[in-house]
Amino acid sequence: MRDKKRLVAGILIFGSLWGFSEVIIGSTLSDLGMPSGALMTGFFALFFLVLSRLTFRQPGMQIGMGLVAGTLRMFNPLMGCHLCSAIAIMAEAMIFEIIWRYLSFDFEKHRNLTAHVSFGIFAVYFLYVSGYIITQILTPIVDGTGFYLQNLIAILPKIFSRGLLPAFIGGALTPAIVRLSKIDLTIKDRIYYPTTLGTSAFCWIVVIGSWLSVGG
Amino acid sequence: MSMGTEKVLPVLAISVLLIGSFSALFVHANQVTVEKDIITINNQKYFIQELFESVDVKTIELEEGKKTGLALDKLIIFSNVECPSCHKYSITAEDSYQKTFNWEDMKKGILTEYKRTYFKDKAHAFWIYDVVEIKVI
């Protein structure tokens, strides 16, 4: 029971931090003309997904995080298709679960740097490309413009090429996340729950506050 | 992580890097090189400045601020498309990025002097930079 409560709190905080970074940092990077999608997937999505998986070792947790982050993403004060971005985040979480499951990945058993780097490259490339394609399909459908397969086919090479930057970031970042996950951060319950709930609440209040301030 | 996985992972990583690299080369090789100020509409080439002298300019307000440019619907009418509402319009960028729009969407869009399209109440995915062609379908 105690473990389940900790897991739920973990889903909430990791999901909220992921959603918060997507909305606040992602929008800022986009405004600055930087490749926000690549940076968000390469740094933040990978960081929260891998760290949470290594910390809690609970299959399915990342889907819960995707639901929390995706829901928070719906309150984006800027950007166009909120629902599409939210679904793309949820899809990224689901794809991460599938990759982890089918690669039977366990960083504990092997400390092989090549495997860690390779996992980062492959996982992030796959997450980024899948998220991009899903957004390109869903946006015109949700928007009502209609989805045209030829438009997607025309930009597939561009999508595949754009996956390189986040893949390199993923390859460089994964060994660092593995090291970070080994730091013993055992926190007592009386601090753990107020900290996780307080941080999550902060993320939601800032995002919803920003959304309301631009007229909802 | 089984030994199998440990062997497969580098192969998967190299595969996606190769896919990405070849795609980048493909995109670069197929990049349309067009003259900076020219755009093709309905198979006719126009200078952007020429269009700005002949077609109505309008300003739309987006969450990111105001954007001013040629009204896309007026642009289509200017290019002598018969029955504009009977067609769809495919807008293509220099790097092959393209989106297809119906007439109602075109009424909400603009083309700026920097050859960028913006649409009111549409997602960023519909914003096309470095437009080279507007095709009538």
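Start in chain B and select strands β5 (residues 89–93) and β9 (residues 131–136): 5 bridges join them, and they run antiparallel. The model on your screen is a predicted one.

**Stop 1: along β9 of chain B**

Pick B:Ser90 and look across to β9(B), where B:Lys135 stands opposite. Now pick B:Tyr89. Its opposite number in β9(B) is B:Val136.

Select B:Thr40 and you will find B:Glu133 of β9(B) opposite.

**Stop 2**

In general, the strands of a sheet pair through backbone hydrogen bonds, either parallel or antiparallel.

**Stop 3: the four-stranded sheet**

Stay in chain B and select β3, β4, β7 and β8. These 4 strands make an open sheet in the order β3-β4-β7-β8, with antiparallel pairing. Which strands stand at the edges? They are β3 and β8 (117–119) of chain B; each has a single partner strand, so one side of each is left without a neighbour in the sheet. Neighbouring strands here are turned by 40° against each other on average, direction ignored.

Zoom in on β3 (residues 57–62) and β4 (residues 65–71) of chain B. They run antiparallel, joined by 6 bridges. Follow the chain from β3(B) to β4(B): a hairpin makes the link through 2 residues. Select B:Lys58, then B:Gly69 in β4(B), which stands opposite.

Move on to the other partner shown here. β4(B) is joined to strand β7 (residues 109–111) of chain B by 2 bridges, and these strands run antiparallel. Click B:Ala71 and look for B:Ile110 of β7(B) opposite.

**Stop 4: all of chain B**

Zoom out. Colour residues 1–30 of chain B as domain 1 and 38–136 as domain 2. How many Å separate the centres of domain 1 and domain 2 of chain B? Taken over C-alpha atoms, the separation is 37 Å.

**Stop 5: where the chains meet**

Show both chains. In contact across the interface are 36 residues of chain A and 31 residues of chain B. On the side of chain A that touches chain B, the elements giving two or more residues are α5, α6 (149–162) and α7 of chain A. Which element gives the largest share of that side? It is α5(A), with 11 residues. By class, the side of chain A that touches chain B has 19 nonpolar, 13 polar and 4 charged residues.

**Stop 6: α5 and α7 of chain A**

Select helix α5 (residues 113–143) and helix α7 (residues 164–181) of chain A. They pack at an angle of about 135°, and their axes are 7 Å apart. α5(A) is therefore oblique to α7(A). Their crossing is right-handed.

Show side chains at the contact. From α5(A), pick residues including A:Phe119, A:Gly120, A:Ala123 and A:Tyr128. On the α7(A) side, include A:Ile169, A:Gly170, A:Leu173 and A:Val178. By class, this contact of α5(A) with α7(A) has 14 nonpolar, 5 polar and no charged residues.

**Stop 7: α3 and α4 of chain A**

For the last stop, select helix α3 (residues 61–73) and helix α4 (residues 82–102) of chain A. The angle between them is about 170°, with axes 8 Å apart. Why are α3(A) and α4(A) described as roughly antiparallel? Angles over 145 degrees count as roughly antiparallel, and α3(A) and α4(A) therefore fall in that class. The crossing of α3(A) and α4(A) is right-handed.

By class, the contact of α3(A) with α4(A) has 11 nonpolar, 6 polar and 3 charged residues.

Definitions and conventions: Residues are numbered from 1 along each chain as its sequence is written. Chains are lettered from A and ligands numbered from 1 in the order in which they are written. This is a predicted model: local features need pLDDT of at least 70, side-chain atom pairs count only at pLDDT 80 or more; totals for chains, interfaces and linings use all residues. Axes are lines fitted to C-alpha atoms, for helices over the stretch in contact, and angles run from 0 to 180 degrees between N-to-C directions. Angles under 35 degrees count as roughly parallel, over 145 as roughly antiparallel, 65 to 115 as roughly perpendicular and the rest as oblique. A crossing is left-handed if the near helix is turned anticlockwise from the far one by less than a right angle, and right-handed if clockwise. Ala, Val, Leu, Ile, Met, Phe, Trp, Tyr, Cys and Pro count as nonpolar, Asp, Glu, Lys and Arg as charged, and the others, Gly among them, as polar. Two strands pair if DSSP finds at least two bridges between them. Domain bounds come from an automatic or database domain assignment. Two residues are in contact if their C-beta atoms, placed from the backbone, lie within 7 Å.
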